[in-house]
Amino acid sequence: MSQIDPLPPLRDVIAKHGLRAKKALGQNFLLDLNLTARIARRAGDLAGSDIIEVGPGPGGLTRGLLAEGARKVLAIEKDSRCLPALAEIGAAYPGRLQVIDGDALEVDPLAHLTPPIKIVANLPYNVGTELLVRWLTPQDWPPFWSTLTLMFQKEVAQRITAQPGSKAYGRLAILAQWRCDAKIVLTLPPEAFSPAPKVESAVVHLTALPEPRFPADAKTLERVVAMAFNQRRKMLRASLRGMDPQIEARLERLGIKPTARAEELTLEQFCTIARDFA
């Protein structure tokens, strides 16, 4: 395996620092530095951007981002065992890596970065979806980031990019596609990781749109979507009854079949319902 920088291979780094992946932290380390560089390239031109990376672990993707020209990487890592390995990367890329020892759910990255900002991460499995939803639902839009390039279990990636009528279509697809262009840009086999997970992984690239695709109040849209998909096997007239006892007449007035199920509705139709409740 060719190296992308003068630092040791990741297997040597992991062995040196005793970085056995912890299941409790949702850790699965990527060992192939050529692969981490490919993921970094999927985020586009990094030269003029600051990058947020969550859960860098031993720093495989961190090295890929820096080698591909990121202006600065802010790496947020709650596993203190990884900090010495990340410090060695910082020494090899002076002034371009800042490491925060903390929980990404609690850290405010904006105090440390200059726009434009991209988020690129092999997200820990146990917090990946929660972080994505936070990034997709800020109070103001456009958000502080321009793109998200994130690795998930393949099933989650498919839920983000799903289309109406598919089993994967649901809340994540609506929240992502309402305000972003979203596509799967890379699929990775289990053996690319240590330890190998039981499922394939995939990288999703999301580009923030200047405005949402259709007008709607964000909080109201989230509520409509949550209620509709919480009982996805039921018809809309049943799943949305909690919002209005006369929901059937309301849906008919909007030109939406009350007997339809949530997975049959388009993003535009969900926004239409949300506007009517706003």
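1. The largest pocket is lined by 31 residues, with Val54, Gly55, Pro56, Asn122 and Pro124 nearest its centre. A pocket here is an open set of points on a 1 Å grid over the protein atoms alone, where a 1.4 Å probe fits, with protein on both sides within 12 Å along at least five of seven lines; lining residues have an atom within 4 Å of a point.

2. Before going on, please bear in mind that this is a predicted model, in which local features need pLDDT of at least 70 and side-chain atom pairs pLDDT 80 or more, while totals for chains, interfaces and linings use all residues. Residues are numbered from 1 along each chain as its sequence is written, and side-chain values use heavy atoms, leaving out hydrogens and water.

3. The largest pocket holds about 400 Å³ of space, a volume being the space filled by probe spheres set on the points, which are joined across faces, edges and corners. Strand E1 (29-30), strand E2 (50-54), helix H3 (60-67) and strand E3 (72-77) each supply at least two residues of its lining. Helices (H or I, at least four residues) and strands (E, at least two) are DSSP runs, numbered from the N terminus.

4. The second largest pocket has about 280 Å³. Its lining has 17 residues, and Ala104, Val107, Pro109, Trp135 and Phe144 lie nearest its centre. Helix H5 (128-136) and E2 each supply at least two lining residues; H5 gives the most, with three.

5. Ile174, Gln177 and Trp178 in H7 meet Leu267, Phe270 and Cys271 in H11, contact meaning heavy atoms within 4.5 Å.
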